[in-house]
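Please read the following walk through a protein model with the coordinates open beside the text.

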Amino acid sequence: MTMHSPLEGPGPLGPAIALDRLLGDPEDPDRTFSYARSVALDDAETFPLEICRELDVLGLPRYYVPAEYGGALRGYDEALHLMRAVARRDLTVAIAHGKTFLGAVCVWVVGDPGQARLLGERIADGAVVSWALTERDHGSDLLAGEVVAERATDGENGASGSEDYRLSGEKWLINNATRGHLLCVLARTSSEGGARGFSVLLVDKRALPYNRYRPLPAPPLHGIRGADISGIAFEGAEVPASALVGREGDGIETVLRSLQVTRTLCSSLSLGAADQALDMAVQYTGERHNYGRPLIDLPQTRRLIADSYAELLLAEATALVAARSLHALPGELGVLSAATKFFVPTLVDRLIRRLAKVMGSRSLLAGETQAYGRFQKVRRDHRIVGIFDGSTVVNLQAVITHFPALARGYRRGRVDTAGLAAAADLRGELPTFDPERLELLSRSGCSLVQALPGAVGDLRALAHKGEAPRSLADMAANWQLFAENLTECMAQYRPAAPGASGEAFALAEQYAGCVAASAALQLWLRGREADRPEGASTALWESGLWLEAGLSALLHRLSPRLQDPCQQDVSDQLVSVLLAQTDEGLLPSLLPYTRLPNTREGEAR
């Protein structure tokens, strides 16, 4: 039976908009989930317990459970919007509360239906789930894990030949390790280790004897100071055989397939951080005057704001297509999720640093009494997003592993046409997510990039008919040239020693840029004629201005000789659209997302 939630609304955006309205204006300090409270909790390094409880009451945990297991989650684009809405208010809360979805995802991917339904019920009742992967001395090297789950020959109840496990060892720097009720633990179930030597166990802490586990203290944190980033030590904790998630020995594969989901959805955290940072910068540059003019009217400021806005929209386009690809192109997520997880947080880190220049000394102020005191919090908090669920190096390494398949796929023009259309057309219905179609290695490459020549051809035809700017078509053609050169370099790459070279990492970074560029092109081509109410968001799609500005800046960074930086007149036009969105009460987004009215201006909540 599907759980009902107050967060109902039309389309994938509906639940996020409903959540925003139920939470109320974040500028209102009397609201439970306000900016002021989040800053105060961060200063005190205190867990946001009351805010998390409010999210529970409003039904957000039900969107961590797929509908087939009794939850409310219908599509992963829906989850993306919901977590972005929470991160837009406070990254600490988004990371602390959203960890339950990340902790449960192994069960959604490989757990049996009965196990998944029981977990869904626990989550609906308020259970917090954690994902215990990393260890103090091994970090991202999962194959080096030392936490052991041994078959118990005699159970504690005296039974002989028990099928239970005895769990021993430490997991460290685990989100919600102390506050969590259940943990998905990756443990060594074979003394030899190796790819088939690990398994995932769903451990219920409340069923363990108190003397069989102990929490490890949380270290001081630079960002997300109030989060529970701690650890847990198991000391011969007996866990029932029914706790096994999937099959014994499949733990590494289960984790890698699950990471394809979580890496994709981590982009929601970055988008929320970018929303906050850009919002503060626009407000500040509109209020602050220099040389008798608002800062936003000065050419250098407009350029910095425009570049940040274009990058936010580019990151949004990449995240939207990637989230929909979980349903539409699951076999290609091995490369697509890694490229997205590298690209979006890296781009947003750069965006926040640029906006810090706009904010000047205001970007360093701290404390809830400072009008822009949360900018430094956003900047600190977001730095950790690039580390979650695989660091930058880990994700680029995953792209490098795909080089041969990516080169073959591009040369042969392999494109999953139906899957690509479903991923990039926001008007279309998504197929049901099928975790069995997730593959560790995308054998066919990446349809997004491999469809680039066709997208360029379509854009040229539109430009010939006067339905698209010729400058946009020329810029897209430069991207095709860049992708062709990159494909040849990937095809020729041969590792000379164990481990990837600096050259390989540079190529992988460039490929992630191609993924983003291709996602944005496909999104615009398929969405430009959609029916929308008149306004700033519609203007974004009609002109292709955001696409030209974002892709021009990205290509200039990756290959300065191939593309000139965006001209000032394009920056001026883009800032005008951004300010129009703000005036219309819209978020800086490709989607028609209406802001909450500001209660301090006398509007009704």
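The model is a predicted one, in which local features need pLDDT of at least 70 and side-chain atom pairs count only at pLDDT 80 or more, whereas totals for chains, interfaces and linings use all residues. Residues are numbered from 1 along each chain as its sequence is written, and side-chain values use heavy atoms, with hydrogens and water left out.

Leaving aside neighbours within four places in sequence, R324 is in contact (heavy atoms within 4.5 Å) with D77, A422, A423, D425, L426, G428 and L430. The side chain of R324 reaches the backbone oxygen of A422 at 3.0 Å, and a polar contact of 3.3 Å joins the side chains of R324 and D77. A polar contact is a pair of N or O atoms within 3.5 Å; within protein, one of them must be able to donate a hydrogen and the other to accept it, and residues adjacent in sequence count only if both atoms are side-chain atoms.

The separation along the chain can be seen from E78, which is 246 residues from R324 in sequence but 9.4 Å from R324 in space, C-alpha to C-alpha.

On a 1 Å grid over the protein atoms alone, a cavity is a set of points where a 1.4 Å probe fits but cannot get out, a pocket is an open set with protein on both sides within 12 Å along at least five of seven lines, and lining residues have an atom within 4 Å of a point. Grid points are joined across faces, edges and corners, and a volume is the space filled by probe spheres set on the points. The structure holds six cavities of 30 Å³ or more, and the largest cavity has a volume of about 230 Å³. Its lining consists of 20 residues, of which M83, G98, F101, L102 and L265 lie nearest the centre. The elements that give two or more residues to this lining are helix 4 (76–89), helix 5 (91–110), helix 7 (251–265) and helix 8 (267–287), and the largest share, six residues, comes from helix 5.

The largest pocket contains about 1200 Å³ of space and is lined by 37 residues, with S140, L142, L259, R263 and G390 nearest its centre. Strand 3 (165–175), helix 7 and helix 12 (392–401) are the elements that give two or more residues to the lining of this pocket, and helix 7 supplies the largest share, six residues.

How many disulfides does the model contain? With a disulfide taken as a pair of cysteine sulfur atoms within 2.5 Å, the count comes to zero. For C52 the nearest cysteine sulfur, that of C266, is 17 Å away, while the sulfur of C266 is 14 Å from the closest cysteine sulfur, in C106, which is too far for a bond. Both cysteines are buried, C52 with a relative accessible area of 8% and C266 with one of 4%.

The last topic is the backbone. N176, in the loop between strand 3 and strand 4 (182–188), has a positive phi near 65 degrees although N176 is a residue other than glycine, and at 1% relative accessibility N176 counts as buried. I224, in the loop between strand 6 (213–216) and strand 7 (229–239), likewise is not a glycine and has a positive phi of about 35 degrees; at 0% relative accessibility, I224 counts as buried.

Methods. Helix = DSSP H or I, 4+ residues; strand = E, 2+ residues; numbered from the N terminus. Buried < 20%, exposed > 50% of the residue type's maximum accessible area, 1.4 Å probe, protein only.
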